[in-house]
Amino acid sequence: MLTRTSPEYDAARHGFQRRDPHRPEVIFPVTNATEVEEAVRYAIDHDKRIAVQASGHGLTRGIDGGVLIATGAFNHVTVDPGKKTAWIEAGATWRDVLAATAPYGLAPLSGSSPGVGAIPYTLGGGLGLMARRFGYAADHVRRIEIVTMDGVRRDAEADLFWATRGGGGNFGVVTGIEVDLFDVPTLYGGSLYFDLAEHPPGAAAAASRVSSRSAKAASSCSRESASRLRLALPAPGVRRRQVAWRGGTREAAPRARASR
Ligand SMILES: Cc1cc2nc3c(=O)[nH]c(=O)nc-3n(C[C@H](O)[C@H](O)[C@H](O)COP(=O)(O)OP(=O)(O)OC[C@H]3O[C@@H](n4cnc5c(N)ncnc54)[C@H](O)[C@@H]3O)c2cc1C
């Protein structure tokens with residue numbers, strides 16, 4: 001357990017986003033499910049509120065006081081290639097999951113950013129770059145293990161299982177999930193960048209043209225491809241579109257050209 005005077009306190013409370021970091025009274029940097037139970041029981045016994053942080057990529061409102069359960073080091077991934085499933089621990093990022101599944105030619109329904117926590121992403125629904133073919137990540141969860149707010153670790157039964165997939169961390173601290181894996185021997189992906197200055201007369205009109213072309217292209221493309229416009233500007237006057245194609249090299253280049 002870290003307190004505000006511990007030398008590791010600052011590093012442990014900060015995540016990827018720096019806008020509103022947590023300022024907890026104590027931090028539990030957990031490495032296994034038993035430590036999560038201990039942290040939750042500590043919060044119950046001391047009447048403290050709880051926040052959970054995996055990678056801190058989400059723009060969560062920072063807590064003042066209370067208990068922060070930092071799951072970053074609780075990040076093991078176990079693959080069952082026969083069943084095509086993976087057991088993912090609370091703090092594993094998609095980078096950790098892919099490193100474990102890729103040697104089998106298998107992939108989870110990840111997000112686009114390797115540094116994002118697999119469990120928070122999935123609990124939020126999870127609409128990734130293979131969603132047109134396979135759907136939401138939350139619909140491919142087989143089992144959820146969770147420490148509920150009575151400090152007990154349990155397998156989420158029907159109602160809790162339903163609510164947690166989409167309801168996120170509102171029902172307890174998830175210690176692990178079992179997810180489906182998919183055959184993805186090859187995936188081509190990247191970003192296309194549009195210079196709005198090349199689309200006169202005005203940036204707003206150009207952005208809207210790029211956006212409607214995106215929607216049109218997406219609706220007529222194979223479900224093995226995905227494309228989405230990112231509204232956050234990578235640089236002034238530039239728009240970005242992420243593209244992905246699950247298939248062979250020969251088809252990849254024409255697909256990328258088609259989605260321009
Ligand atoms: C500005 C911005 C840009 C983004 N860009 C991308 C992108 O490019 N690609 C992409 O794939 N996604 C992106 N996302 C979405 C991101 O995937 C989700 O916000 C994801 O939930 C963040 O995961 P995390 O590991 O950072 O979780 P955290 O920020 O650590 O936590 C997110 C939420 O989940 C809860 N939580 C965490 N762990 C648990 C647990 N074990 N049990 C219960 N609740 C838990 C936390 O309490 C918190 O409310 C972006 C989000 C933002 C805000």
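The shell around the ligand draws at least three residues from each of two domains, domain 1 (2-70) and domain 2 (77-183), with bounds that come from an automatic or database domain assignment. Before going further, keep in mind that this is a predicted model, where local features need pLDDT of at least 70, side-chain atom pairs count only at pLDDT 80 or more, and totals for chains, interfaces and linings use all residues. Numbering starts from 1 along each chain, following the sequence as written.

Let's stay with the ligand for a bit. There are 27 residues around it, and His 57, Gly 58, Gly 111, Gly 117 and Gly 169 come nearest; a residue makes the list if its C-beta atom, placed from the backbone, lies within 6 Å of the molecule. By type, the shell holds 12 nonpolar residues, 15 polar ones and no charged ones. Here Ala, Val, Leu, Ile, Met, Phe, Trp, Tyr, Cys and Pro count as nonpolar, Asp, Glu, Lys and Arg as charged, and the others, Gly among them, as polar. Strand E3 (50-53), helix H4 (118-123) and strand E10 (173-180) each put in at least two residues, and H4 gives the most, with four. Those labels are DSSP runs numbered from the N terminus, with helices being H or I of at least four residues and strands being E of at least two.

Now zoom out to the whole protein chain. You'll find eight helices and 14 strands in it. Of its 260 residues, 34% count as buried, meaning that 20 or more other C-beta atoms lie within 10 Å of the residue's own; 12 or fewer makes a residue exposed, anything in between partly exposed, and C-beta atoms are placed from the backbone. Among contacts with a separation of 6 or more, 58% are between residues 24 or more positions apart, a contact being two C-beta atoms, placed from the backbone, within 7 Å.

H2 covers residues 33-45, so 13 residues, and reaches 18 Å from its first C-alpha to its last, close to the 18 Å expected at 1.5 Å a residue (that is, 1.5 Å times one less than the number of residues). Its buried residues are Val 36, Ala 39, Val 40 and Ala 43. They sit on the same side of H2, because they cover an arc of only 95° around the axis, taken from the directions from the helix axis to the C-beta atoms. That buried set packs against strand E2 (26-29), E3, strand E4 (67-70), strand E8 (141-147) and E10. The face turned away from the buried side carries the exposed residues Thr 34 and Asp 45.

Helix H3 (residues 94-101) gets a similar look. Trp 94, Val 97 and Thr 101 are buried there, and their arc of only 60° around the axis puts them on the same side of H3. They pack against strand E5 (77-80), strand E6 (85-89), strand E7 (106-107) and H4.

A couple of backbone angles deserve a glance. Most residues other than glycine have a negative phi. Asp 47, in the loop between H2 and E3, has a positive phi near 55°, and this residue counts as exposed because it has 7 C-beta neighbours inside 10 Å. Lys 84 also has a positive phi, near 55°, and is found in the loop between E5 and E6. With 15 other C-beta atoms within 10 Å, Lys 84 is partly exposed.

Finally, look at Phe 194 in strand E12 (residues 188-195). Phe 194 counts as buried because it has 20 C-beta neighbours inside 10 Å. Phe 194 and Gly 237 are 43 residues apart in sequence, and their C-alpha atoms are 8.5 Å apart in space.
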